[in-house]
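Welcome! Please open your viewer and get ready to select things as we go.

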Amino acid sequence: MPPKKRSSRRGGKQSDDESLDDSLEEETEQAMEVENASTEDDIEGNRPTEDLGKSVSDAKSPENPPVEDKIDNSEPDHENQEPTEPENTEDEPPAKKSKIAEEALKKIEAEKQRKEKEKQDAEEKSKIDRKKELDKFWKTVKDDPTDFTGWTHLLQFVDGKNDVEAGREAFAGFLKRYPYCYGYWKKFSDFEKRNGTPERVMEVFDQGTAAIPLSADLWIHYMNHCKTVRKEDAAFIRSQYERAMSECGREWRSDKLWDHYVKWEMEGKNYPEVFQLYQRIVKNPTQALSRNFEAFKGFLKEHNPKDLMDTVDFLELRKDVINGMKSESSKDDDATGNKDNDAAPGEDTETEMKSAEETQSIREKIMFNAKKSYKEAEERVNLRLKYEDGIKRPYFHVKPLERGQLKNWNEYLEFMKKEMEKEGGDITEVEILYERSLIACALYEEFWINYISWWETRDGENTTKIRNIYRRACNNHLPTKVDMHSRWAAFEELQGDFDEASVILENLEKSHPELISLLLKRINLERRRGNGEKACELYETSIKAAPNKSTASDLTVKYARFLRLHQMNTAKASQVIKTAMESDTANPKLYLQQVDLLLNTTPMDVQAVVAVLDNALEQEIPEKHKLLFSQRKVEFLEDFGLDIAALQTARTKHVEITNTYKDAVAKEKSEEPGKPNSADEGKENKNGNSNGSAASYPPVTNSSSYTAQQTQAYNNYGSRYANYPQNYGQYYGGGAGGGGGGGGGSGY
């Protein structure tokens with residue numbers, strides 16, 4: 001067979017990938033045929049040939065047609081291409097022919113790689129787009145973790161994409177914050193069924209039923225799954241039903257879960273188990289108690305008690321019934337005078353009648369006993385019915401509850417606590433009711449606190465239970481509530497777990513970095529546990545990270561007191577105050593604290609104290625604070641000064657400051673509409689004498705911005721001068737009026 005000519009197309013490029021692949025494969029086949037023909041020539045001893053077509057024909061047929069008839073097989077290209085002349089492959093060496101085949105194979109391989117790369121690029125682009133959209137949903141809930149709608153949009157997105165890692169992260173994040181949303185536990189389990197492993201599905205169900213054990217719907221969903229994956233394992237399914245009943249069987253709306261259990265046992269024709277279930281159901285004060293009792297009666301009518309009861313129990317019950325029947329029969333015989341008249345074997349219809357009567361009597365006896373349990377449960381249902389009818393939203397939702405709903409829950413809880421404390425009461429019902437209330441009122445802090453308080457009043461060791469309630473409240477439902485976390489930290493500290501208490505306060509501080517009180521709680525915790533080094537570290541860190549100078553100064557004052565009184569390090573305390581004064585020169589608290597440090601230093605440096613007071617008076621601070629420092633200076637020099645001239649100068653300056661302050665107060669009050677001018681302030685008394693600045697203006701007048709602790713510090717400072725003469729004002733030279741304004745006063 002002569003080789004086919006290769007046609008070179010110089011026209012337009014084909015756009016269809018399939019056409020290109022076909023042309024490349026055709027070219028490769030042509031090249032391979034040429035190479036094979038060349039190889040055959042080499043094997044025959046390299047004999048000379050007239051043309052390539054003839055040698056190929058000789059290898060296949062004894063009759064060789066003219067070469068000229070075979071080689072002109074080129075066809076014109078009708079797709080805008082000029083017909084090309086057939087290439088003469090006679091003169092091409094074998095190496096060139098092999099190279100052509102290699103180039104064709106390379107083209108095919110390159111095309112495959114191009115397609116694969118395009119596919120990978122498309123997948124990568126799609127992945128990037130999904131990641132961007134996922135990040136957008138995550139940003140919404142990270143910016144506001146309480147945005148319930150944002151969470152639902154995120155879960156819808158990951159659930160539809162079936163991305164395992166993204167889905168697990170989203171569901172875990174949502175259910176950590178809202179674990180009472182049983183519907184999303186169901187969605188999470190379904191997600192794992194589609195994308196995860198059977199083990200992961202069971203893990204999700206275990207987490208869900210532990211988070212909300214009173215959800216009958218979630219338990220039913222779980223039991224349906226168990227019956228699907230372990231349908232042949234009746235023992236396992238029954239054990240899981242019993243597990244569900246122990247957790248949820250006493251919930252007010254648990255009837256559908258009991259019905260689910262009964263239906264499964266009926267399907268398996270396990271009638272003795274059904275009988276036992278009904279006996280348990282009629283003792284339960286649930287919403288559908290009367291319906292359950294009627295169902296029990298219908299079931300008992302359809303089945304012989306002998307097939308339902310344990311043999312020992314049945315025989316004992318039958319014995320009681322027969323004895324009762326004999327007693328009644330003997331009374332009837334005595335009344336009628338009848339004697340025994342036994343029938344022949346096989347014709348004892350009376351015995352059959354007695355057997356039917358006996359069976360009916362056993363049924364009646366069973367129902368009599370069941371009715372007693374039913375009546376007791378019915379009484380409890382009637383007591384609770386008023387409150388149960390008032391519950392309009394028993395499930396969890398982020399929307400606020402109406403005030404009437406909250407009131408109904410609180411009244412219901414108080415009623416049940418009183419009822420169950422009576423003789424014969426079951427305190428477990430109070431616990432179940434508290435857990436039900438927390439589902440509907442999970443976002444209300446007072447319900448969690450009341451529940452914990454109730455457990456604290458109960459007898460026995462309840463530490464583990466209380467800790468579990470704190471963890472659920474603070475870690476899941478109320479992650480930013482200050483009071484709740486503070487109570488938890490105090491609880492753990494009482495148990496001796498200082499590390500856990502510290503972690504609780506530290507996490508809370510991250511949510512409320514602006515609350516200095518939380519930081520002080522942490523510091524005082526470390527102080528109580530004797531960790532002074534950690535307390536100092538917290539003080540220094542907080543001072544550096546303070547949002548403003550005022551806050552930093554307040555913390556510095558507390559730090560200085562801690563250093564002096566707890567660490568006995570007055571030198572470092574003084575250095576801390578001096579450093580703070582460099583950045584907050586107009587803060588009077590710092591100067592007062594520095595004075596206090598110097599007064600408690602032995603030996604006391606009088607000049608250093610006076611220098612601090614003078615420095616404070618030179619600052620741009622309110623006049624009332626200047627009056628405070630001026631009076632402190634006069635009092636100090638009276639008690640500890642050695643230079644009378646310095647004392648007289650201080651008195652004169654104090655009078656000036658007092659008058660300036662009076663003028664400022666009078667001006668401020670006169671500018672207020674509807675208020676009389678305070679002209680009476682500072683006026684002379686009836687005798688015409690001035691009361692003096694000390695009498696008119698108390699020595700310590702703190703601004704509203706001062707803390708209670710700082711006010712106490714001022715009072716403590718002033719108490720050092722409690723024995724000071726009451727008429728010391730005369731030494732200051734009078735007040736604003738009178739002729740004693742010369743400064744020295746008549747006392748000197």
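Here is a short tour, from the whole chain down to single residues.

**Before you click.** This is a predicted model, in which local features need pLDDT of at least 70 and side-chain atom pairs count only at pLDDT 80 or more, while totals for chains, interfaces and linings use all residues. Residues are numbered from 1 along each chain as its sequence is written, and side-chain values use heavy atoms, with hydrogens and water left out.

**Stop 1: the whole chain.** Switch to a cartoon view. Of the 748 residues, 39% count as buried. Buried means under 20% relative accessible area, exposed over 50%, and partly exposed in between, using a 1.4 Å probe and protein chains only. Contact means heavy atoms within 4.5 Å. Among contacts with a separation of 6 or more, 60% link residues 24 or more positions apart.

**Stop 2: the cores.** In soluble globular proteins, nonpolar side chains tend to be buried together. A nonpolar core is a set of buried Ala, Val, Leu, Ile, Met, Phe, Trp, Tyr and Cys residues joined through side-chain atoms within 4.5 Å. Select L154, F174, Y180, C441, F447, W448 and M484: of the 67 residues in the largest nonpolar core, these touch the most other members. Another core, of 44 residues, lies apart from it, and W252, W264, I281 and I362 are among its members.

**Stop 3: T209.** Now select helix α8, residues 198-211, and pick out T209 in it. Is T209 buried or exposed? With 5% relative accessibility, T209 is buried. Its side chain reaches two backbone oxygens: that of F205 at 2.8 Å and that of D206 at 3.2 Å. Leaving aside neighbours within four places in sequence, T209 is in contact with L218, W219 and R243.

**Stop 4: H225.** Move to helix α9, residues 216-229, where you will find H225. H225 counts as buried because its relative accessibility is 9%. Which residues does H225 contact, leaving aside its neighbours within four places in sequence? Show K193, V201, M202 and F205 to see them.

Stop 5: Finish by selecting C226 and C248. C226 is buried at 0% relative accessibility, and C248 is buried with a relative accessible area of 0%. How many disulfides does a search of the whole structure find? The search finds zero, a disulfide being a pair of cysteine sulfur atoms within 2.5 Å.

Definitions and conventions: Helices (H or I, at least four residues) and strands (E, at least two) are DSSP runs, numbered from the N terminus. A polar contact is a pair of N or O atoms within 3.5 Å; within protein, one must be able to donate a hydrogen and the other to accept it, and residues adjacent in sequence count only if both atoms are side-chain atoms.
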